[in-house]
Amino acid sequence: DHFQLGPLVTSPLARELSRLDASMLERLANERFVAAREADNAAGGINRDVLRDCEARGLFFLTESYRSHPDIMAVYSKLFYSDQLEHCRRQQQVSLMSFFEARGL
């Protein structure tokens, strides 16, 4: 996921001359994303059509989140992923809920 932490470049010269402040994954993803947006005439962010076109170009976005509380996930979905993330629960989480609910937790 190219929205995660990128490289730390402390040299202004390296940043200016070689774009080292963006990871190779980020540069590749952005090039393919721009091409997909242009192909779909999408003016701004991500939508399902752009995501499908990205996949045709070998760029896959993970749109299912199993790790965060739905309210927390909604924040970073809106800020970074144009509201394209879907909150999912793992089967283990569902089966454990009855254990905690039975104990009033």
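## A first look at this predicted chain

Going along the sequence, the protein chain runs α-α-α-β-α-β-α. That comes to five helices and two strands, where helices (H or I, at least four residues) and strands (E, at least two) are DSSP runs numbered from the N terminus. Keep in mind that this is a predicted model, in which local features need pLDDT of at least 70, side-chain atom pairs count only at pLDDT 80 or more, and totals for chains, interfaces and linings use all residues. Residues are numbered from 1 along each chain as its sequence is written, and side-chain values use heavy atoms, with hydrogens and water left out.

**The chain overall**

Of the 105 residues in the protein chain, 22% are buried. Here buried means under 20% relative accessible area, exposed means over 50%, and partly exposed is in between (1.4 Å probe, protein chains only). The chain exposes about 8,000 Å², with carbon and sulfur atoms supplying 55% of that; accessible areas come from the Shrake-Rupley method with a 1.4 Å probe, and for residues only the protein chains shown count as cover. Among contacts with a separation of 6 or more, 30% are between residues 24 or more positions apart. A contact means heavy atoms within 4.5 Å.

What makes up the largest nonpolar core? Eight residues do: Ala29, Phe33, Ala36, Val50, Leu51, Cys54, Leu59 and Phe61. Such a core is a set of buried Ala, Val, Leu, Ile, Met, Phe, Trp, Tyr and Cys residues joined through side-chain atoms within 4.5 Å. Two or more of the core residues come from each of α2 (24-39) and α3 (48-56). Cys54 touches Phe33, Ala36, Leu59 and Phe61, leaving out residues up to four places away in sequence.

Now for α3 itself. Its buried residues are Val50, Leu51, Asp53 and Cys54. They sit on the same side of α3 because they cover an arc of only 165° around the axis, the arc being that of the directions from the helix axis to the C-beta atoms. Turned away from that buried side is a face with the exposed residues Arg52 and Ala56. The cover over the buried residues includes α2. Just after α3, Gly58 takes a positive phi of about 85°.

Arg48 is also in α3, and it touches Thr63 and Gln84, not counting residues up to four places away in sequence.

| Residue | Element | Relative accessible area |
|---|---|---|
| Arg48 | α3 | 40% |
| Ala74 | α4 (residues 70-80) | 36% |
| Phe100 | α5 (residues 91-102) | 34% |
| Ser65 | β1 (residues 64-65) | 8% |

Why does Ser65 count as buried? Because its relative accessibility is 8%. Apart from neighbours within four places in sequence, Ser65 is in contact with Met73, Tyr76, Glu86, His87 and Cys88.

Glu86 also pairs up with Ala74 in a distance check: the two are twelve residues apart in sequence and 8.6 Å apart in space, C-alpha to C-alpha. For Arg48 and Gln84, 36 residues apart along the chain, the C-alpha atoms are separated by 7.9 Å.

**A patch on the surface**

Phe100 belongs to a nonpolar surface patch with Leu96, Phe99 and Leu105, and together they have about 400 Å² of accessible area. Patches are made of residues with over 30% relative accessible area and no salt bridge, with like charges joined within 9 Å and nonpolar side chains (Val, Leu, Ile, Met, Phe, Trp, Tyr) within 5 Å. A salt bridge is a side-chain nitrogen of Lys or Arg within 4 Å of a carboxyl oxygen of Asp or Glu.
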